[in-house]
Amino acid sequence: MVNTDRILKNFTSMVALDSPSFDERLVCEYIKNYLKSIGIDSFAEDNAGDKINGTTGNLIVKVDGEINAEPLLFSSHMDTVEPSHGKQAVIHDDGTITSAGDTVLGSDDLAGVVSILEALTVIKENNIPHRPLEIVFTVSEETHGGGVTHLDYSGIKSKQAYVFDLDGEVGTAASSAPTILTYEAKFIGKSAHAGFASHLGVHAIKAAALAATNIPCGAIDNGVTANVGIIEGGKATNIVPDLCKITGEIRCFDDSMSDVKYSEVKKICEDAAAQFGAKVEMTFAKHILAFNVADDNRVVKRFKSVCSDMGLSGECTPTFGGSDNNVLAQHGIDGIVVSTAMNNCHSVDEFTTVDGLKKAAELCLNLMLSED
């Protein structure tokens, strides 16, 4: 029952609106106006924008249901990564949708937004009975769930969620995702003239480089990845550098293991600093925490059942990416992250397809209409 032309109109219209993290105002207003046009006026914007120094809050939508069943939460985010200014959707003859090539497309996560809007439209225009629905369109998801972190959970009644925000084929989902921990190691040496008095200096870059060499990177353990992503330091070629910083990350499906792996990195950095007579100062932050939803959880079983009826795979797998669902899980909401046919996200090669957007909207509709 979904309308492909309407899906494409909404998608291309929202893509044309600039919506970087911390400034999703245009997309938020578009969604508000659209909801009013289909007869939904029970929505409110929270004050998350004020708390994160953004222009826009999370948009929370409540849709009463006629079926006596627990409410379900559906979510997608309004922000896009850079480069995004002036993006336009180009629909190709084969049904592929790309940007013009100099920006991201924004299907991450406007594909999710349009899927939810289309499902709500079909329900409203056909007066289809359904369970109570709660919809949250979040801000600043791309900054490690900045918006959903400040959501007022006292007003959310759902205990199960479908977060439409995963790349790949429609009919797949992520039922687990990792803790994401980032760290900075600041190596402090002593400056000296590299030509006349190098023996008086303590080489911070060499200490940092040794640490970076010894820190394991890639898939370093079962369910664990690590990376050293940035190294910066030095002032001139004739000065023994007195400061060098390395920045890295650790991702673990077991939150406690992230602490273990960080301790190992810290020890490596301390040993490297000591070898060169330098000091090291370490800081770290956990941006999101791991979640894992079992296969026998109702939110997974419902997804698999709906996908089976639609002829989709229903496969649930881990993802090493984070999403708003990591934060929802910390508030007692069991959720999975649903694929919406977005591909090559966070790059100017991002694309989706007409058929993929249609299937994602159909899947969202069938999940909303499920009675179990």
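**A walk from a charged helix to a pocket**

Arg25 has a relative accessibility of 24% and so counts as partly exposed, the class that lies between buried (under 20% relative accessible area) and exposed (over 50%), as judged with a 1.4 Å probe and with protein chains only. The model is a predicted one, in which local features need pLDDT of at least 70 and side-chain atom pairs count only at pLDDT 80 or more, while totals for chains, interfaces and linings use all residues. Residues are numbered from 1 along each chain as its sequence is written, and side-chain values use heavy atoms, with hydrogens and water left out.

Arg25 forms a salt bridge with Glu29, and the closest N and O atoms of this pair are 2.7 Å apart; the term stands for a side-chain nitrogen of Lys or Arg within 4 Å of a carboxyl oxygen of Asp or Glu. Side chains of opposite charge can pair when their charged atoms come close. Both Arg25 and Glu29 belong to helix H2 (residues 25-37), where four residues, about one turn of the helix, lie between their positions. Helices (H or I, at least four residues) and strands (E, at least two) are DSSP runs, numbered from the N terminus. Glu29, at a relative accessible area of 30%, is partly exposed, and its side chain also meets that of Lys32 in a salt bridge of 3.4 Å, N to O. Lys32 sits in helix H2 as well, three residues from Glu29 and about one turn of the helix away, but at 15% relative accessibility Lys32 counts as buried.

Another such pair is found in helix H9 (residues 354-369), where Lys359 and Asp355 are separated by about one helical turn because they are four residues apart. Their side chains meet in a salt bridge at 3.3 Å, N to O. Lys359 is partly exposed at 33% relative accessibility, and Asp355, with a relative accessible area of 41%, is partly exposed too. Salt bridges that share partners join Arg25, Glu29, Lys32 and Glu45 into one network, and the structure holds 18 salt bridges.

Behind these local pairs stands the fold as a whole, with a secondary structure that comes to nine helices and 19 strands. The C-alpha atoms fill a box of roughly 85 × 45 × 40 Å, taken along the principal axes, and of the 372 residues of the protein 51% count as buried. The accessible surface comes to about 15,800 Å², 49% of which belongs to carbon and sulfur atoms; such areas come from the Shrake-Rupley method with a 1.4 Å probe, and for residues only the protein chains shown count as cover. Among contacts (heavy atoms within 4.5 Å) with a separation of 6 or more, 78% are between residues 24 or more positions apart.

Phe320 is placed in the loop between strand S17 (315-318) and helix H8 (324-329), and is partly exposed, with a relative accessible area of 34%. Leaving aside residues up to four places away in sequence, Phe320 touches Pro178, Gly223, Val224, Thr225, Arg251 and Phe253.

Rolling a probe the size of a water molecule over the atoms shows where empty space is left. The largest pocket has a volume of about 480 Å³. Of the 23 residues that line this pocket, Glu141, Glu142, Gly321, Gly322 and His346 are the closest to its centre. Strand S7 (160-167), helix H8 and strand S18 (334-342) are the elements that give two or more residues to the lining, with S7 giving the most, three residues. A pocket here is an open set of points on a 1 Å grid over the protein atoms alone, where a 1.4 Å probe fits, with protein on both sides within 12 Å along at least five of seven lines, and lining residues have an atom within 4 Å of a point. Grid points are joined across faces, edges and corners, and a volume is the space filled by probe spheres set on the points.

Some backbone features complete the picture. Ser140, in the loop between strand S6 (133-138) and S7, has a phi near 50 degrees, a positive value in a residue other than glycine, and at 0% relative accessibility Ser140 counts as buried. Ala341, which lies in strand S18, also has a positive phi, of about 70 degrees, although it is not a glycine. The peptide bond from Glu82 to Pro83 is cis, with omega near -5 degrees, and Pro83 is found in the loop between strand S3 (72-77) and strand S4 (90-91).
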